[in-house]
Amino acid sequence: MNMKQFIWNARVYYEDTDAGGVVYHARYLAFFERARTEMLRQLNISQQKLLQESIAFVVKKMDISYHFPARLDDMLTIKTSAEQVRKASIIFKQTIFNQNNQVISTADVLIACVNITKMKPCGLPELLVLEFI
């Protein structure tokens with residue numbers, strides 16, 4: 001079930017590409033990460049504040065597919081939706097499109113909430129759960 005969708009845009013810079021001007025495969029992870037971070041920021045959820053409370057989000061699992069190459073100077077749109085909210089984790093579905101609306105890459109990302117002092121799972125902050133229900 002699709003609970004919320006967030007859209008974030010990013011430009012492909014030279015630093016994101018290989019010698020041929022194609023986005024290096026590992027850079028897609030950064031685009032996905034930034035989109036999730038910006039989504040939290042838009043929801044007024046401060047990761048710094050959560051860290052002060054010993055709460056952090058970690059990627060537990062990521063399934064990523066590459067469909068079409070992104071290139072230098074492309075304008076990308078990253079769509080992020082929370083597909084499933086559990087007690088201590090969220091599964092996000094993310095898709096990157098280029099300026100021609102071609103699907104570039106897709107990812108299913110399992111994010112776990114952990115207590116960084118104990119390095120053990122902990123419940124998601126209530127504010128976050130309320131945003132996705």
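1. The lining of the largest pocket is made up of 14 residues, and those that lie nearest its centre are Glu-33, Arg-36, Leu-40, Phe-57 and Ile-111. The model is a predicted one, and the space in this largest pocket comes to about 180 Å³.

2. As to where the lining comes from, H1, S2 and S4 each supply at least two residues, and H1 gives the most, with 5 residues. Sorted by class, the lining of the largest pocket holds 10 nonpolar, 2 polar and 2 charged residues.

3. Strand S4, which spans residues 89–97, deserves a point of its own. Of its 9 residues, 7 are buried, so that the strand is mostly covered.

4. On one side of the pairing scheme, strand S3 (residues 75–85) runs antiparallel to S4 and is joined to S4 by 8 bridges. The two strands form a hairpin with 3 residues between them, and Val-85 stands opposite Ile-90 of S4.

5. S4 also pairs in the antiparallel sense with strand S5 (residues 103–115), here over 9 bridges, and one of the residue pairs to inspect is Thr-95 with its bridge partner Thr-106 in S5. The hairpin of S4 and S5 has 5 residues between the strands, and in this hairpin Asn-101 takes a positive phi near 65 degrees.

6. Which residue has its charged end over the ring of Phe-97? The residue is Lys-79, whose charged end sits 4.9 Å from the centre of that ring.

7. How many aromatic pairs does a search of the whole structure find? The search finds 1 aromatic pair. The pair consists of Tyr-28 and Tyr-66, whose ring centres are 5.3 Å apart; because their planes stand at 65 degrees, the pair is edge-to-face, the cut-off for that label being over 60 degrees.

8. Since Tyr-28 lies in helix H1 (residues 27–42) and Tyr-66 in strand S2 (residues 55–66), the pair ties together parts that are 38 residues apart in sequence.

9. Is each of these two tyrosines buried or partly exposed? Tyr-28 counts as buried because its relative accessibility is 3%, where the cut-off is under 20%. Tyr-66, at 40% relative accessibility, counts as partly exposed.

Key. Residues numbered from 1 in each chain as written. Predicted model: local features only at pLDDT ≥ 70, side-chain atom pairs only at ≥ 80, totals over all residues. Heavy atoms only, no water. Buried < 20%, exposed > 50% of the residue type's maximum accessible area, 1.4 Å probe, protein only. Helix = DSSP H or I, 4+ residues; strand = E, 2+ residues; numbered from the N terminus. Pairing = 2+ DSSP bridges. Phe/Tyr/Trp six-rings, centres within 6.5 Å; stacked < 30°, edge-to-face > 60°. Lys NZ or Arg CZ within 6 Å of the ring centre and 35° of its normal. 1 Å grid on protein atoms, 1.4 Å probe; cavity = no way out; pocket = protein on both sides within 12 Å on 5 of 7 lines; lining within 4 Å. Points joined across faces, edges and corners; volume = space filled by probe spheres on them. Nonpolar A, V, L, I, M, F, W, Y, C, P; charged D, E, K, R; others polar.
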